[in-house]
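User: I have a model open and want to learn how to read its features. Can you take me through them one by one?

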Amino acid sequence: MGHAIRIFLIASCLLFSTVYAQSVRLLAELAKKDIHIAAHRGVHTQYPENSIPAILEAISLGVSIVEIDIRSTKDGVLILMHDGTVDRTTTGKGKVSNLSYAEIQDLYLRTAGAASNDRVPTLEEVLRLCKGKIILDIDFKEEDERYVAKTFELIAAENMEDEVLFFLYDHRAIEKLYKLNPGITLFPRARSMKDLHEILKSNRTSVVHIDESFDNYSELVKLKDQGVTLWMNSLGDIDKQALRQGNSVYELFLKKYPYIKIIQTDYPALWTKMLGSEK
C-alpha cells in the first residue's frame, strides 16, 4: 500500500471516529487491510484453545486478531477459559468459579483430549504477550458482571485500550460499559438490522458482529463504504468445507459477503494462505 493511500485511510478513520466513541488507533489499524482474520480461541486446532502457544501461533501467522474467553477463579483472578468448568479443556474437574487460581495452576490444558505441557494463562499475562503484536477480541464469559470493571482496569493498566475489542452479546449494555472506560472499543453482536441500526445510532462503536441471516445487501455494502466494520464467522460449516475442498469455499464466502471486513475462523492458516495467494 502506497504511503499516500495509507495516510488517506488513517485520516478517514480519524474523521470517522469523531462520530463514534472508540479508539482512533484501532480504527486506523483496521483501515490497513480490506480483510482481517481473527483466530478463534487462538490456533486451537494445533495447540490447546486459549493457550499461550495458540496465541503465539496466531501472531506468527500474521492474523490481525485473536479471540480469547475470560472467566474468574474463586479468588478473583481473571483467566482464559471458555467453559464454566475445567473438565473439557484441562486435566482437572469442577467449576471455574469454585477453584482458586492456585488450584487451576496445578492443571494442564488439553489439546484434542490429550494433556499438554501448557498451563491456564491469566488475562494479565496475555495482555502483556499481545501488546504491540495483535488485537485482542475479549469474549467475556464470566457470569459475575462485577469482573467487567476488573477486566477494563487490567486493559488500562497495560495501556492496551487501543488494542482490544470487547465483545457484547447484548448491545443494550453498550452505554453502561462505555462509561467504565470510553477508550475501550466495544464490539456488540447484532441479531437483526434493527439491532444494527440501534448500535450505530448509539454513536459508541462502528465494529459490529453480524451473521449470514442478514440479507440487506445494498445497505450493508453502503455501511462498509461509510466505515462501518462488519464481522462474520466462517467457523463451523464454512471452515469444514474449506478444509475438505480448498480455497474456492472461502472465495465464494468473500463474493457472497463483500461487506465483511473481519472474519473469525477456526482455521486461520487456511485463510491466510488463501488471501496470500490472491495478492
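Analyst: Start with contacts. Contact means heavy atoms within 4.5 Å. One thing to keep in mind: this is a predicted model.

User: Which residues is R41 in contact with, leaving aside its neighbours within four places in sequence?

Analyst: R41 is in contact with E49, N50, A54, E67, D69, H82 and R88. R41 sits in the loop between β1 and α3. The side chains of R41 and H40 are also joined by a polar contact of 3.4 Å.

User: Is R41 buried or exposed?

Analyst: Buried means under 20% relative accessible area. R41 has 15% relative accessibility, so R41 counts as buried.

User: Now helices. How do I find the side that faces inward?

Analyst: The general idea is this. An α-helix has 3.6 residues a turn, so residues three or four places apart point the same way. Now take α11, residues 247-256. Its buried residues are V249, Y250, F253 and L254. They lie on the same side of α11, because they cover an arc of only 135° around the axis.

User: Which exposed residues does the face turned away from the buried side of α11 carry?

Analyst: That face carries L252, K255 and K256.

User: And strands?

Analyst: In a regular strand the side chains alternate between the two faces of the sheet. Then check burial and partners. In β11, residues 260-265, six of six residues are buried.

User: Which strands are joined to β11 by bridges?

Analyst: β1, residues 36-40, is joined to β11 by four bridges, and the two run parallel. β10, residues 229-233, is also joined to β11 by four bridges, again in parallel. H36 stands opposite I262. M232 stands opposite I263.

User: How do I read aromatic pairs?

Analyst: A pair of aromatic rings is described by the distance of the centres and the angle of the planes. The whole structure has 10 aromatic pairs. One of them is F152 with F166, at 4.9 Å centre to centre and 90° between the planes, which is edge-to-face.

User: Why does that pair tie parts together?

Analyst: F152 lies in helix α6 and F166 in strand β7, so the pair ties together parts that are 14 residues apart in sequence. F152 counts as buried at 3% relative accessibility. F166 counts as buried at 2%.

Another pair is F167 with Y169. Their centres are 4.8 Å apart and their planes are at 75°, so this pair is edge-to-face. F167 is buried, with a relative accessible area of 8%. Y169 counts as partly exposed at 37%.

User: Which residues do ring pairs link into a cluster?

Analyst: The cluster holds Y217, Y250, F253, Y257, Y259 and W271. Y250 and F253 are also among the buried residues of α11.

User: What sits over the ring of Y178?

Analyst: The charged end of R204, 3.8 Å from the ring centre.

User: One last case. Where is N181 found?

Analyst: N181 is in the loop between α7 and β8. N181 is buried, with a relative accessible area of 14%. A polar atom of the N181 side chain lies 2.8 Å from the backbone nitrogen of G183. Leaving aside neighbours within four places in sequence, N181 is in contact with F152, A156 and E161.

Terms used. Residues numbered from 1 in each chain as written. Predicted model: local features only at pLDDT ≥ 70, side-chain atom pairs only at ≥ 80, totals over all residues. Heavy atoms only, no water. Buried < 20%, exposed > 50% of the residue type's maximum accessible area, 1.4 Å probe, protein only. Arc of directions from axis to C-beta. Pairing = 2+ DSSP bridges. Polar contact = N/O pair within 3.5 Å; in protein donor to acceptor, adjacent residues only side chain to side chain. Phe/Tyr/Trp six-rings, centres within 6.5 Å; stacked < 30°, edge-to-face > 60°. Lys NZ or Arg CZ within 6 Å of the ring centre and 35° of its normal.
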